[in-house]
Amino acid sequence: MTTISKIQHLPKVELHYHLDGGLRLSTVRVFASAAGLPLPDREEELTGLLRVTEHCASLAEYLERFRLPAQLLQTAANLKRAAYEAVEDAAKTNVKYIEIRFAPLLHTGQGLSPEEAVSAVLDGMKAGEQASGTVARLILICLRNHSIALNWQVLELVQAFFGKGVVGIDLAGDEAGYPPTLHQPVFEEACRLGIPITVHAGEAAGADSIRGAVLGLHARRIGHGVRLEQDLSLLRFVREHRIALEMCLSSNIQTKAASAWETHPIRKYYDEGIAVTVNTDNTTVSNTTLNLEYERLMFHYGFRLNELQRMNRYALEASFAEAEVKLKLMREYFAEA
């Protein structure tokens, strides 16, 4: 069996996947046609609206690729289909468990209530899970540039749907402009309620952002965490407390969270015993799959198949899945890996 074939057959776990960053190009055309929104006829021009290239200059340029998906994901039917296809696409790369995330307050522009948006995504995920066998759960995103009042609404949504497919809460957005302390009351309450917390940090800001997420917002996982190496005492704290890093290799290179393949710290973090997990972030925007991410880990950093298996075990252990679901997945993973 070739290395690529071994990667394909390896059972996988995905903890960091944005719904609006993974739309199929064919689905974008269907959505746009139904909405009467003109799109370029040439495939490469449409691709340019949805994907970055290796020449992406910054996170700001990367985020421009979310404009069109944001316009299209404003109906229950579209959200449901996008969620279904996300699970279906994950299953094609032998992902056994996926946590999808989205910001429900960004999908109310055409009259949907936040509750209806969440329900639509959960309906699509459930249908995808039933069709493919891949277990799917949902994380709701608070945004750093939103008011604390709006993020209280997100926490209320998490409470309403917790145990019904929603398993956690996230904070995402402009790290440099909106430090974690601004939203501390929301996440203090989430922690008090026993809701698992993950926070985007150390992607577009330094290690202080990670420190604020861990100590101020009670994050059990960190989205990206590339800049952790800037603070060795914090690195030790993250390792000792088994705070998992949701690393997204290709995305990190494209957004310049890491300046080049050679400077990305994923190998260093893994070798130092940190619970590193591998994720796509945005399959369409980054033009990747989890299989491709594994191939790049092997090519650029010399990761072996057994090390990739270990990172998947880290991901299962760090997942926000219900205890009984996690136990079942762990048994199945060890049986298949």
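I checked Asn94 and found it buried, with a relative accessible area of 14%. My cut-offs: buried is under 20% relative accessible area, exposed is over 50%, and partly exposed is in between, with a 1.4 Å probe and protein chains only. A note on the source: this is a predicted model, local features need pLDDT of at least 70, side-chain atom pairs count only at pLDDT 80 or more, and totals for chains, interfaces and linings use all residues. Residues are numbered from 1 along each chain as its sequence is written, and side-chain values use heavy atoms, with hydrogens and water left out.

I placed Asn94 in the loop between α6 (76-92) and β2 (95-102). For these labels, helices (H or I, at least four residues) and strands (E, at least two) are DSSP runs, numbered from the N terminus.

I then looked at His218, another residue other than glycine with a positive phi, near 65°. His218 sits in the loop between α10 (207-216) and β6.

**Around β7**

Next I turned to strand β7 (residues 244-247), which is covered on both faces. Ala244 and Glu246 are buried on one side, Leu245 and Met247 on the other. The chain gets from β6 to β7 through helix α11 (residues 232-240), and I noted this β-α-β crossover as right-handed. That means that, with the strands pointing away from the viewer, the path from the first strand over the helix to the second runs clockwise.

Which strands pair with β7? I found β6 (residues 221-224) running parallel to β7, joined by three bridges, and β8 (residues 276-278) also pairing with β7 in the parallel sense over three bridges. Pairing here needs at least two bridges found by DSSP between the strands. On the β8 side, I have Val278 as the bridge partner of Met247.

**Helix α8**

I ran along α8 (residues 148-161): 14 residues, 20 Å from first C-alpha to last, close to the 20 Å expected at 1.5 Å a residue. The expected span is 1.5 Å times one less than the number of residues.

I listed the buried residues of α8 as Asn151, Val154, Leu155, Leu157, Val158 and Phe161. Down the axis of α8 they fall within an arc of 155°, so they line one face of the helix; the arc is that of the directions from the helix axis to the C-beta atoms. They pack against α7 (114-132), β3 (135-143), β4 (166-172) and α9 (184-192), contact being heavy atoms within 4.5 Å. Just after α8, I saw Gly163 with a positive phi of about 85°.

**Cores**

Which residues touch the most other members of the largest nonpolar core? I got Leu138, Ile169 and Leu297, out of 99 residues. A nonpolar core is a set of buried Ala, Val, Leu, Ile, Met, Phe, Trp, Tyr and Cys residues joined through side-chain atoms within 4.5 Å.

I followed up Leu297: leaving out residues up to four places away in sequence, Leu297 touches Leu249, Ile266, Val278, Gly302, Phe303, Leu308 and Met311. I also noted a second, separate core of five residues, including Val52, Cys56, Tyr62 and Phe66.
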